[in-house]
Amino acid sequence: MEELWGRWLAASAAAAAGFGDQIAAALAVARTRAVAPVLQLAVWACMAMSVMLVLEVAYMSVVSLVAIKLLRRVPERRYKWEPISVGSVVVGGVDDEEAAAGGGRDAAFPMVLVQIPMYNEKEVYKLSIGAACALTWPPDRIIIQVLDDSTDPSIKDLVELECKDWATKNINIKYEIRDNRKGYKAGALKKGMEHIYAQQCDFVAIFDADFQPESDFLLKTIPFLVHNPKIGLVQTRWEFVNYDVCLMTRIQKMSLDYHFKVEQESGSSMHAFFGFNGTAGVWRLSAINEAGGWKDRTTVEDMDLAVRASLKGWQFLYVGDIRVKSELPSTFKAYRHQQHRWTCGAANLFRKMAKEIFKTKGVSVWKKLHLLYSFFFVRRVIAPILTFLFYCVVIPLSVMVPEVSIPVWGMVYIPTAITIMTAVRNPRSLHLMPLWILFENVMAMHRMRAALTGLLETMHANEWVVTEKVGDHVKEKLQVPLLEPLKPTDCVERIYIPELMVAFYLLVCATYDFVLGAKHYYLYIYLQAFAFTALGFGFAGTSTPCS
């Protein structure tokens with residue numbers, strides 16, 4: 001009896017094993033026939049996008065290096081720049097600010113409007129208003145316009161009181177409010193330009209509420225516009241007062257420094273065009289009017305105006321030697337909102353303007369190609385989608401599908417080349433490059449979602465969340481640097497579910513590759529899973545009291 005029972009068990013085990021082998025074989029066949037071809041197609045699509053991206057990065061890097069470092073095509077050599085002359089007095093140097101403040105004939109100075117849009121900026125409103133009121137320019141040739149869209153009555157009162165205080169010091173300052181926030185920043189700027197005194201100005205300088213220009217800002221920028229009638233915009237570089245608060249702000253500084261040193265510099269040098277950064281720039285009023293003024297159809301009203309003005313023939317100039325102090329978002333939540341707004345708005349603008357750019361008459365084919373392909377398609381669509389899709393989805397998934405092959409040049413050589421070209425422009429931050437790569441891959445998830453939201457114009461395409469600022473209290477209020485956790489009971493909202501879901505997916509892929517796989521990608525995938533986990537539990541940026 002026992003012998004029969006043993007035989008039956010053995011037969012059952014053999015049958016089960018055979019059945020399991022059949023299932024495994026069936027799954028392998030299904031994987032080979034269904035999953036593998038789709039994934040391989042995704043690989044080659046990513047390879048094509050990688051080639052487009054690396055060529056664009058290489059082009060911008062070479063142009064910025066050759067034009068500025070080797071050929072010394074600095075703005076003063078490419079365009080006429082002379083200090084403003086008032087009779088026999090030359091204004092624009094270091095020792096002649098008193099002359100600009102009241103000496104000589106003020107009529108030689110053009111009328112300048114300084115716009116400061118703000119929304120519940122309790123922490124920084126004094127900094128921006130004070131810096132604007134301290135600009136060296138004849139008092140009767142400058143108007144400071146504070147565009148306050150604040151919804152908090154107490155903050156409104158504080159801003160209005162600050163404006164009245166500066167008015168008592170003989171500063172021509174206007175405090176303007178609206179009944180609603182239609183159009184957000186674009187709506188406020190558009191409304192501000194409707195005033196008669198604003199239309200009488202020649203140029204308009206724009207500063208966000210956390211920006212603090214130096215007193216000689218107008219003396220350095222306005223001469224480019226005065227002596228070069230084809231220039232419609234002068235953009236200056238951002239400088240960050242809180243870049244050393246935490247690791248996240250240091251990484252942001254690396255990305256933005258690259259943006260200004262490479263993207264803005266190459267665009268200005270080769271095409272006299274780049275995207276307006278929305279602040280720390282001076283516009284010619286006639287360029288704004290000819291382009292159709294401010295429009296609120298996207299969340300990147302600055303880029304929208306720049307593209308339309310460029311199509312009208314206006315040239316843009318980036319001056320990297322002039323820097324304006326500003327503040328980086330120091331909380332992960334604020335940074336996510338900012339990146340969503342910038343990425344989604346740019347993709348949405350591409351959707352709305354592609355046909356207009358293509359059909360515009362009087363614009364060269366070369367310029368249309370640059371706008372449609374380089375400026376929009378590669379940088380605003382391909383870059384955010386490729387980074388997350390390839391490095392965080394396709395590569396990890398490929399370890400479970402051995403039939404799929406990824407070329408070494410696409411998986412290693414191209415990202416290495418892009419990293420090196422980025423690192424060259426940030427030599428002081430070389431030690432942060434590995435962390436920069438991991439952090440940017442995490443942020444690519446949000447940028448890809450934002451880009452698709454803008455392209456498809458979903459219900460969140462025009463979502464606008466103002467970036468939180470802390471002003472002078474940055475050292476006091478913001479504690480908890482990167483990798484120093486909060487207690488879960490202290491702040492539940494610091495847990496981000498999307499990041500944790502991707503982290504789990506990456507951990508599964510890495511573990512499979514480590515135990516059963518043969519591609520040996522698990523080290524990279526584990527590192528990326530760690531990055532998603534760390535940011536998913538809020539170990540990034542600084543902390544602020546939870547509401």
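Which handedness does the crossing of H4 and H5 have? The crossing is right-handed, meaning that the near helix is turned clockwise from the far one by less than a right angle. This is a predicted model, in which local features need pLDDT of at least 70 and side-chain atom pairs count only at pLDDT 80 or more, while totals for chains, interfaces and linings use all residues. Residues are numbered from 1 along each chain as its sequence is written, and side-chain values use heavy atoms, with hydrogens and water left out.

Let's stay with that helix pair for a moment. H4 and helix H5 (residues 153–167) pack with their axes 11 Å apart, at an angle of about 20°; axes here are lines fitted to C-alpha atoms, for helices over the stretch in contact, and angles run from 0 to 180 degrees between N-to-C directions. That makes H4 roughly parallel to H5, a label for angles under 35 degrees. On the H4 side, Tyr-125, Lys-126, Ile-129, Gly-130 and Cys-133 meet Leu-158, Val-159, Glu-162, Cys-163 and Trp-166 of H5, where contact means heavy atoms within 4.5 Å. These residues divide into seven nonpolar, one polar and two charged.

Now to the sheet. Seven strands form an open sheet with mixed pairing, in the order E5-E4-E3-E6-E8-E7-E9; two strands pair if DSSP finds at least two bridges between them. At the edges are strand E5 (173–177) and strand E9 (315–326), each pairing on one side only. Within the sheet, strand E3 (residues 112–118) and strand E6 (residues 203–206) run parallel and are joined by four bridges. Leu-113 stands opposite Val-204 in E6. Helix H4 (residues 125–133) packs on this sheet, touching E3, strand E4 (142–148) and E5, and its direction makes about 180° with that of E3. Helix H6 (residues 184–193) packs on the sheet too, touching E3, E4 and E6, at about 145° to the direction of E3.

Gln-235 is buried, with a relative accessible area of 0%; buried means under 20% (1.4 Å probe, protein chains only). Among the residues that Gln-235 touches are Phe-274, Phe-276, Leu-317 and Tyr-318.

The axes of helix H15 (residues 433–456) and helix H18 (residues 522–536) come within 9 Å and cross at roughly 65°. That makes H15 roughly perpendicular to H18, the term for angles of 65 to 115 degrees. This crossing of H15 and H18 is right-handed.

How values were computed
Helices (H or I, at least four residues) and strands (E, at least two) are DSSP runs, numbered from the N terminus. Angles under 35 degrees count as roughly parallel, over 145 as roughly antiparallel, 65 to 115 as roughly perpendicular and the rest as oblique. Buried means under 20% relative accessible area, exposed over 50%, partly exposed in between (1.4 Å probe, protein chains only). Ala, Val, Leu, Ile, Met, Phe, Trp, Tyr, Cys and Pro count as nonpolar, Asp, Glu, Lys and Arg as charged, and the others, Gly among them, as polar. Lists of a residue's contacts leave out its neighbours within four places in sequence.
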